[in-house]
Amino acid sequence: MENNKYHILIVEDDKEIRDGVEIYLKNQGYQVWKAANGKEGLEIVTREEIHLAILDIMMPVMDGVTMLMKLREQNHEFPVIMLSAKSEEVDKIMGLNMGADDYVTKPFTPLELLARVNSHLRRYSKYLTAVSGEEQEKSHVYTIGGLELNEETVEVTVDGEAVKLTPMEFKIVQLLIKNPGRVFSADEIYERIWNEKAVNTDTIMVHVRNIREKIEIDPRNPKYLKVVWGVGYKIDKQ
């Protein structure tokens, strides 16, 4: 694990603990930001990309549980480790219920905290990789209402049911669904898909009629593939 690519935020009002944890994490290669209370911590999160936060529960101005709640409200999903004294059992449980990933009880050893940090960053790294993969996969999928076209698998479904299109029909739907709301003339569709000058566009009308028969519940009252009379065809945004 390349530690230098991970940014860790320490929010702790005890300067000695704050600086000690910083030194140890930096020795392991992590990049570190520090704050003395939750308010300062939130300000850092708005400016910097943070991959893990270590929050003390009891702090002035804004405590760790309040900061944690605000982080989760703002959809920050990075791991949060809470620091608590033994007397703060109730706050610890509240922190876990509010979305903390772990807690470490004071006094703690640097090795104990580092083990927790490494563990959660490994998990978070896998999560980010999975999310990135899903987004990349989704970038090949276009959806308008119940109509979905997948470029990778060359499949079209309507309300989850597979629809068998010819290669040319697929290309027409692909062109229109990737440009929702835009009207394409028959000439433009022909030239883009056949890659030659349009001479007779009757074939486009035939293809459109066939596509409607396959993707529309009522082809005479289409929900997806629509005609703009005298102009061309489009798939509307929904």
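Trainee: In what order do the four strands of the open sheet stand, and is their pairing parallel or antiparallel?

Mentor: Strands of a sheet pair through backbone hydrogen bonds, in either a parallel or an antiparallel way. Here the order is S6-S7-S8-S9, and the pairing is antiparallel. Two strands count as paired if DSSP finds at least two bridges between them. Helices (H or I, at least four residues) and strands (E, at least two) are DSSP runs, numbered from the N terminus. This is a predicted model, in which local features need pLDDT of at least 70 and side-chain atom pairs count only at pLDDT 80 or more, while totals for chains, interfaces and linings use all residues. Residues are numbered from 1 along each chain as its sequence is written, and side-chain values use heavy atoms, with hydrogens and water left out.

Trainee: Over how many bridges do S6 and S7 pair?

Mentor: S6 and strand S7 (residues 147-150) pair over four bridges, in the antiparallel sense. Ile144 is opposite Leu147 in S7.

Trainee: Which helix lies across S6, S7 and S8?

Mentor: Helix H6 (residues 167-177) does, running at about 110° to S7; strand S8 spans 155-158. Contact means heavy atoms within 4.5 Å.

Trainee: At what angle do the axes of H6 and H8 cross?

Mentor: Two packed helices are described by the angle between their axes and the distance between the axes. The axes of H6 and helix H8 (residues 202-215) cross at roughly 85° and come within 10 Å. That makes H6 roughly perpendicular to H8. Angles under 35 degrees count as roughly parallel, over 145 as roughly antiparallel, 65 to 115 as roughly perpendicular and the rest as oblique. From H6, Met168, Glu169, Ile172 and Val173 meet His207, Asn210, Ile211 and Lys214 in H8.

Trainee: What is the order of the five strands in the parallel open sheet?

Mentor: The order is S2-S1-S3-S4-S5. Strand S2 (31-35) and strand S5 (102-106) are at the edges, each with a single partner strand, so one side of each is left without a neighbour in the sheet. The twist averages 20° from one strand to the next. Strand S4 (residues 80-85) and S5 pair in the parallel sense over five bridges, and Ser84 is opposite Thr105 in S5.

Methods
Axes fitted to C-alpha atoms, helices over the stretch in contact; angles between N-to-C directions.
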